[in-house]
Amino acid sequence: MENLYGSICLTDIPKELITVGKNGKKYLNVVINARREVSQYGHTHYIKAYCKKEQQRSGVNYYIGDLKPSQMQPEQPQQGYSPRPANVQSGNDDLPF
């Protein structure tokens, strides 16, 4: 299986598609599809916020990111360790939602 990496644009996430789970955490369902052609930046896949066709609204951008093949081997997290970026603190993450 090919490893992919990329980014999503948090400000492009349609806020109405964010759901709250039974655990109180926020979720966004996504779809990842292969592009028909590789982009000029080497992107082979794209990420789209999942939305049923009958719920889609005109003018809303559901495409939120791009992916391309990873050139590095994936890191193996230590047992019981969940990596978290140093600039993100629990409960104070400055997300736009």
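Entry 1, terms. I take buried to mean under 20% relative accessible area, exposed over 50%, and partly exposed in between. I also note that this is a predicted model. By the definition above, Arg57 is partly exposed, because its relative accessible area is 48%.

Entry 2, the sheet. I looked up how the strands are arranged. Four strands form an open sheet in the order S1-S6-S5-S4, with antiparallel pairing. I asked which strands stand at the edges. They are S1 (4-8) and S4 (30-34); each has a single partner strand, so one side of each is left without a neighbour in the sheet. From one strand to the next, the twist averages 25°. As background, I wrote down that strands of a sheet pair through backbone hydrogen bonds, either parallel or antiparallel.

I then followed S1 to S6, which covers residues 63-69. The two pair in the antiparallel sense over five bridges. For Leu4, I found the bridge partner in S6 to be Pro69.

Glu16 forms a salt bridge with Arg57, and the closest N and O atoms are 3.4 Å apart. Glu16 lies in the loop between S1 and S2 (19-20), and Arg57 in the loop between S5 (45-49) and S6, so the pair ties together parts that are 41 residues apart in sequence. Glu16 counts as partly exposed, at 47% relative accessibility.

The other entry on my list is Asp66 with Arg35, whose side chains meet in a salt bridge at 2.2 Å, N to O. This pair links distant parts of the chain: Asp66 is in strand S6 and Arg35 in the loop between S4 and S5, 31 residues apart. I looked up the accessibility of both partners. Asp66 is partly exposed at 25%, and Arg35 is partly exposed at 29%.

I found His43 in the loop between S4 and S5. Is His43 buried or exposed? It is buried, with a relative accessible area of 16%. Not counting residues up to four places away in sequence, His43 touches Arg35, Glu37, Val38, Asp66, Leu67 and Lys68. Arg35 and Asp66, on that contact list, are the residues that meet in the 2.2 Å salt bridge.

I have Thr44 down as buried, at 18% relative accessibility. Leaving aside neighbours within four places in sequence, the contacts of Thr44 include Leu4, Asn33, Arg35 and Pro69. Leu4 and Pro69, both among those contacts, are bridge partners.

Tyr62 counts as buried at 6% relative accessibility. Where does its side chain reach Arg57? It reaches the backbone nitrogen of Arg57, at 3.0 Å. Pro14 is 48 residues from Tyr62 along the chain, yet their C-alpha atoms are separated by 7.1 Å. Beyond four places in sequence, Tyr62 is in contact with several residues, including Pro14, Leu17, Ile47, Cys51 and Arg57. I see that Arg57, one of these contacts, is also the salt-bridge partner of Glu16.

Key:
Residues numbered from 1 in each chain as written. Predicted model: local features only at pLDDT ≥ 70, side-chain atom pairs only at ≥ 80, totals over all residues. Heavy atoms only, no water. Pairing = 2+ DSSP bridges. Axes fitted to C-alpha atoms, helices over the stretch in contact; angles between N-to-C directions. Salt bridge = Lys/Arg side-chain N within 4 Å of Asp/Glu carboxyl O. Buried < 20%, exposed > 50% of the residue type's maximum accessible area, 1.4 Å probe, protein only. Contact = heavy atoms within 4.5 Å. Polar contact = N/O pair within 3.5 Å; in protein donor to acceptor, adjacent residues only side chain to side chain.
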